[in-house]
Amino acid sequence: MSEIRINGDRLWAALMELAQIGATAKGGVKRLALTDLDKQGRDLVVGWGKAAGMSVTVDQIGNVFMRRDGTNNALPPVMTGSHIDTQPTGGKFDGNYGVLAGLEVVRTLNDLKIKTEAPIEVAFWTNEEGSRFVPVMMGSGVFCGAFSLETAYAANDTEGKTVGEELERIGYKGTQVPGDHPIGAYFETHIEQGPVLEDADKVIGVVPAVMGLSWYDCVVSGMEAHAGPTPMGLRKDALQVSTKIMQEVVAIANRYPPYGRGTVGMVQVFPNSRNVIPGEVKFSIDLRNVNDELLNTMHEEMLAFIDKTRGETGLKISIERVSYYPPCPFHPECVDAVRNATAELGYSTMDVVSGAGHDAIYAARLAPAGMIFVPCKDGISHNEIEDAKSEHLEAGCNVLLHAMLERARIV
């Protein structure tokens, strides 16, 4: 088994060819969901799948499933996949690697004339990035019932074009009802999108879980006043009070290592004038951790601090949770399959909990799921300079191949 390996040069060539569709001057890719460029990318990947002997199914939200039959097609397929839509300033590997690694698994099985008992499928999901339409992870979310097809169809971009209209226009509004498609197990291979693997000089990240996240909008209301005549003790400075809360967000995260995260990424100051004491500040809060208990503890500590600050300052402070994704532990058998494959192939490895969302989160609601990470240069992603070594991509695909074969079973 350890001698079964994918063709790394072929995988790299496929990645580079797909990257030409929507290529940017800085070496990245702009291929937004359901645009003409997305259609070109979809057509290319579907054509590759058909050339590899795979049958193709498209569901009503535009998710594409490419299938290699097994010897027992009554079994649910062992599936892998990701997405091929990108950020406006995206890279060549985010999402695309997971789809083309799956295609390379099938091409390798064909080359070696290996038959599996269970079918193998490669999926690419609609609008994972959420950069043109919200919510993010739309296709997999509809597939698992996280939100309705009607909600997804009604989502519109900045020009008022809707998902339903654009799926119809590019020819990827399929007929299969989302979710009416069995999954026996799901694996997703991905660049890490962070610096941990590179920093530790490890080739494979075994992903036991994805962090949960809570997003909030906070508004602190004070009183605008002249910066000169108003004594410090008589001010109602919304910005100074806001900064205390912002610092506490970071402090809370630091109290719950190693996976505690606390971020304030967006701040709006009113009236935003050099010599006026700020009267209102609106800002975002992003809390993350690896399990519900820790994430809820961080949530409660933040609310308690805001209550305390409200009492001490007399300022009005409102806080609203606007989004919540629970932590997602992956199935032990799929995690073990990745771990076993990594050991068999002799790659250096470590566990890496994902801090970013992936379609595997929603797939895990329906079937056993797991993820495989490989390093990316400087941990950079969602950026045109996103980069990864070909040998790391090859290694991750080899692990994917062996993990899928453990579940699909060679006959």
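UniProt positions follow the numbering used here, feature names are shortened, and annotations may be inferred rather than shown by experiment. The span 211–308 is 36% helix and 32% strand, and its end C-alpha atoms lie 28 Å apart. Helices (H or I, at least four residues) and strands (E, at least two) are DSSP runs, numbered from the N terminus.

A word on the model: it is predicted, so local features need pLDDT of at least 70 and side-chain atom pairs count only at pLDDT 80 or more, while totals for chains, interfaces and linings use all residues. Residues are numbered from 1 along each chain as its sequence is written, and side-chain values use heavy atoms, leaving out hydrogens and water.

## The annotated binding site

Which residues does the "binding site" annotation cover? In the unreviewed UniProt entry they are Asp 94, Glu 129 and His 382. These residues are spread over 289 residues of sequence, yet they cluster in space, with a largest C-alpha distance of 9.7 Å.

The lining of the largest pocket includes Asp 94, Glu 129 and His 382. Here a 1 Å grid is laid over the protein atoms alone; a pocket is an open set of points with protein on both sides within 12 Å along at least five of seven lines, a cavity is a set where a 1.4 Å probe fits but cannot get out, and lining residues have an atom within 4 Å of a point. Asp 94 sits in the loop between β3 (78–82) and α3 (96–111).

## Helix α3 and its partner α1

Helix α1 (residues 8–19) packs against α3 at an angle of about 140°, with the axes 10 Å apart. Axes are lines fitted to C-alpha atoms, for helices over the stretch in contact, and angles run from 0 to 180 degrees between N-to-C directions. That angle makes α1 oblique to α3; under 35 degrees counts as roughly parallel, over 145 as roughly antiparallel, 65 to 115 as roughly perpendicular and the rest as oblique.

Residues in contact (heavy atoms within 4.5 Å) include Leu 11 and Leu 15 of α1 and Tyr 97 and Leu 100 of α3. The contact of α1 with α3 divides into 7 nonpolar, 2 polar and 4 charged residues. Ala, Val, Leu, Ile, Met, Phe, Trp, Tyr, Cys and Pro count as nonpolar, Asp, Glu, Lys and Arg as charged, and the others, Gly among them, as polar.

## Two further helix pairs

Helices α8 (residues 238–255) and α9 (residues 292–313) pack at about 155°, with axes 10 Å apart, which makes α8 roughly antiparallel to α9. Their contact has 8 nonpolar, 2 polar and 4 charged residues.

The axes of α10 (residues 332–345) and α12 (residues 390–408) come within 8 Å and cross at roughly 125°; the two helices are therefore oblique to each other. The crossing of α10 and α12 is right-handed.

## Backbone details

Two cis peptide bonds deserve a look. One joins Val 134 and Pro 135, with omega about 10°, and Pro 135 lies in the loop between β4 (120–124) and α4 (138–144). Another joins Phe 270 and Pro 271, with omega about 5°.

Technical notes:
A crossing is left-handed if the near helix is turned anticlockwise from the far one by less than a right angle, and right-handed if clockwise.
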